[in-house]
Amino acid sequence: MLQLVLTAPRSGSGKTTAACALLAALTARGLTPCAFKSGPDYIDPMFHRAVLGVESHNLDLFFSAPQTARTLYARHAAGHGAAVVEGAMGYYDGLGGVTDTASAWQLADTLDLPALLVVRPKGASLTLAAELRGLTAFRTPHHIAGILLNDCTQGLCALLKPMLEKETGLPVVGCLPPLPEAAIESRHLGLKTAAEIDDLQHKIQLLSDAAQQTIDWPLLHILFDRPAPAAVPCTVPPPRVRLAVARDAAFCFTYAETLEALRENGAELCFFSPLADTALPDNIGGLYLPGGYPELYAAQLAANAPLRAAVKSAVQGGLPTVAECGGFLYLGRTLQDADGTPHPMAGVLPGQGFKVGRLVRFGYARLTARADSMLFRAGETLPVHEFHHWDSTENGDAFTAAKANGRQWACGFANASLYAGFPHLYWAGTPLPKRFAAAAEHYIKEIS
């Protein structure tokens, strides 16, 4: 089975483009690949899904114990002919930017997978070899098994390949040529989502065609073939309770593992759109409002007054509810759009969402509960992640969030039926899915 961690010396090297090219080409070659993302990113897995038509999964060693990551990888890689794990940032960049904790390297080491280094050779040639030698000397074992030159013509690849192989000892498996017509647009939280790119499938086909021609596939298999992981048994019980899950262009940041963990704890997931639906799904015992881009759709969300009223009534009536980041902003009183114009939201919480224009409290943190609530027990600490350019006038004080550098702040609202705050939660391998499903079952029994 072909298995690799796709990584790079730094952000901006084109890892996601290379991942899409590899996944599409592997699919065309009949290998039925699967995909994973190292780190907390929601957007890159959307592109993996657009290529494959099946879920991509996050593997994060800040969120999860090593054995949880190994289990998730084995469970979702088994039965496939190839697995591509896309790294985040630079290969060794981890927690706080100053450690290798939760880096792509640590994940490669934990899963014992070889790494394919995506290198954009602009502005350097022999110096590039020096940089690559530094990468291989920095940690032992380094796990780097090959180089893929990105945004590189075949002529330049032919020039650089013998030199790089001689100077670094790393084989060059080929290149991906410059393809401006396959470029993917970005905005304030990174790449635009896959669903927003009208001609994405055309771009994927261009990438696949190029990869078929410019990658040395026999060499790739020699370097990255590994024994397939054994299947991990997973049983999903019959559903005992229905959970409403917001899913549309405004609310699209969900981890596949979170949804799977909810199903494994007896939940039937009922997807709905706060942009388009005028009522919540019937007979639900809980509501999950994930993150996304509500700020870009604030006017449309405000215009859907029936749904806003239904959400307010349900949450105030004790419906077990989880609202992360964008979902938290939706529960507030108002939300500014990208132009700074405020729009009414659900009005469950007192805060007003406003544009900051930069990342706020960005990155990993640990969240400690100050009291018992639906999802947390007093004193319990769980890893979280924040990633937002908007803030709220009222962020709550049910939790203390702390970064590795010692910075702390109060945040979040929580009670017997609610979790709401900017921190994104990662549910796999935690008690959260069981607690949320149990609260939803209890709610249904109470109103019956």
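Modeller: The lining of the second largest cavity consists, by class, of four nonpolar, five polar and one charged residues. Ala, Val, Leu, Ile, Met, Phe, Trp, Tyr, Cys and Pro count as nonpolar, Asp, Glu, Lys and Arg as charged, and the others, Gly among them, as polar. This is a predicted model, in which local features need pLDDT of at least 70 and side-chain atom pairs count only at pLDDT 80 or more, whereas totals for chains, interfaces and linings use all residues. Residues are numbered from 1 along each chain as its sequence is written, and side-chain values use heavy atoms, with hydrogens and water left out.

Colleague: Which residues line that second largest cavity?

Modeller: The lining is made by Phe-328, Leu-329, Gly-332, Leu-349, Gly-351, Gln-352, Gly-353, Ser-392, Glu-394 and Phe-413. Helix 12 (326-330) and strand 16 (352-355) are the elements that give two or more residues to this lining. Helices (H or I, at least four residues) and strands (E, at least two) are DSSP runs numbered from the N terminus.

Colleague: And how much space lies in that cavity?

Modeller: The second largest cavity holds about 40 Å³. A cavity is a set of points on a 1 Å grid over the protein atoms alone where a 1.4 Å probe fits but cannot get out, and lining residues have an atom within 4 Å of a point. Points are joined across faces, edges and corners, and a volume is the space filled by probe spheres set on them.

Colleague: How many cavities of 30 Å³ or more are there?

Modeller: The count by this rule is three cavities of 30 Å³ or more.

Colleague: Turning to the second largest pocket, how much space lies there?

Modeller: About 320 Å³ lies in the second largest pocket, a pocket being an open set of points with protein on both sides within 12 Å along at least five of seven lines. There are 19 lining residues, and those closest to the pocket's centre are Met-46, Arg-49, Ala-195, Arg-247 and Cys-252. Two or more lining residues come from each of helix 2 (43-52) and helix 9 (256-264).

Colleague: Which helix gives the most to that lining?

Modeller: Helix 2 gives the most, with three residues. The lining of this pocket divides into 12 nonpolar, two polar and five charged residues.

Colleague: Since helix 2 has come up, at what angle does it cross helix 7?

Modeller: The axes of helix 2 and helix 7 cross at roughly 80 degrees and come within 10 Å, so helix 2 is roughly perpendicular to helix 7. Axes are lines fitted to C-alpha atoms over the stretch in contact, angles run from 0 to 180 degrees between N-to-C directions, and 65 to 115 degrees counts as roughly perpendicular. Phe-47, Ala-50 and Val-51 of helix 2 meet Leu-200, Gln-201 and Ile-204 of helix 7, where contact means heavy atoms within 4.5 Å. That contact has five nonpolar, one polar and no charged residues.

Colleague: How do helix 1 and helix 7 cross?

Modeller: The axes of helix 1 (residues 15-28) and helix 7 (residues 200-214) cross at roughly 75 degrees and come within 8 Å, which means that helix 1 is roughly perpendicular to helix 7. Helix 1 brings Thr-17, Cys-20, Ala-21, Ala-24, Ala-25 and Ala-28 to the contact, and helix 7 brings Ile-204, Leu-207, Ser-208, Ala-211 and Gln-212. By class, eight of the residues in this contact are nonpolar, three are polar and none is charged.

Colleague: What about the packing of helix 5 and helix 6?

Modeller: Helix 5 (residues 126-138) packs on helix 6 (residues 154-168) at about 35 degrees, with the axes 9 Å apart. Leu-126, Leu-128, Ala-129, Leu-132 and Arg-133 of helix 5 meet Met-163, Leu-164, Glu-167 and Thr-168 of helix 6.

Colleague: Which residues does Gln-154 touch?

Modeller: Gln-154, in helix 6, touches Cys-175, Gln-213 and Thr-214, leaving aside residues up to four places away in sequence.

Colleague: Finally, the backbone: is the peptide bond from Thr-140 to Pro-141 cis or trans?

Modeller: The bond is cis, with omega near -5 degrees, and Pro-141 sits in the loop between helix 5 and strand 6 (144-150). Met-89, although not a glycine, has a positive phi of about 55 degrees; Met-89 lies in the loop between strand 4 (82-86) and helix 4 (104-111).

Technical notes. Angles under 35 degrees count as roughly parallel, over 145 as roughly antiparallel, 65 to 115 as roughly perpendicular and the rest as oblique.
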